[in-house]
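Please look through the structure below with attention to its charged side chains, its strand pairing and its surface. The paragraphs after it take these topics in turn.

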Amino acid sequence: TLQEQDLIRFAEELNLNVPAFTSCLSSGKFSDEGAEDGQAGFEAGVRGTPTFFLNGYRIPGAIPEDVLDGLIQRLMQS
């Protein structure tokens with residue numbers, strides 16, 4: 001499970017504004033929204049990240065960029 005210190009470390013690695021991130025995180029301002037998004041994903045069959053949805057098909061796991069681009073191009077042509 002992710003702990004608060006893990007999230008702060010990720011924020012540092014991403015060069016985010018860490019004080020603003022930490023303040024937002026500790027405020028809990030978006031915790032309900034995050035829980036709702038997590039539940040919606042679970043109900044849609046998401047069990048991990050990344051998960052892609054293309055034309056109603058759920059594709060769990062990483063997809064190489066060239067493969068994903070090819071899939072999108074084919075879907076756009078049909």
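This is a predicted model: local features need pLDDT of at least 70, side-chain atom pairs count only at pLDDT 80 or more; totals for chains, interfaces and linings use all residues.

Residues are numbered from 1 along each chain as its sequence is written, and side-chain values use heavy atoms, with hydrogens and water left out.

The structure holds two salt bridges, a salt bridge being a side-chain nitrogen of Lys or Arg within 4 Å of a carboxyl oxygen of Asp or Glu. In one of them, Arg-9 meets Asp-6 at 3.5 Å, N to O; these residues stand three apart in helix H1 (residues 4–13) and are therefore separated by about one helical turn. Helices, like strands, are DSSP runs numbered from the N terminus (H or I with at least four residues for helices, E with at least two for strands). Arg-9 also forms a salt bridge with Glu-13, where the closest N and O atoms are 3.4 Å apart, and this pair, four residues apart, again lies in helix H1 at a spacing of about one turn. Through shared partners, the salt bridges join Asp-6, Arg-9 and Glu-13 into one network. Arg-9 is partly exposed, at a relative accessible area of 36%, whereas Glu-13 is exposed, at 53%; here buried means under 20% relative accessible area, exposed over 50%, and partly exposed in between, with a 1.4 Å probe and protein chains only.

Strand S1 (residues 51–54) and strand S2 (residues 57–60) pair in the antiparallel sense over four bridges, where pairing requires that DSSP finds at least two bridges between the strands. Phe-52 has Ile-59 in S2 as its bridge partner. The two strands form a hairpin with two residues between them, and in its turn Asn-55 has a positive phi of about 50°.

A negative patch is formed by Asp-32, Glu-33, Glu-36 and Asp-37. Glu-33 belongs to helix H3 (residues 31–43) and is partly exposed, with a relative accessible area of 44%.

Conventions:
Patches are made of residues with over 30% relative accessible area and no salt bridge: like charges are joined within 9 Å, nonpolar side chains (Val, Leu, Ile, Met, Phe, Trp, Tyr) within 5 Å. Accessible areas come from the Shrake-Rupley method with a 1.4 Å probe; for residues, only the protein chains shown count as cover. Lys and Arg count as positive and Asp and Glu as negative; His and the chain ends are not counted. The place of a charge is taken as NZ of Lys, CZ of Arg, CG of Asp or CD of Glu.
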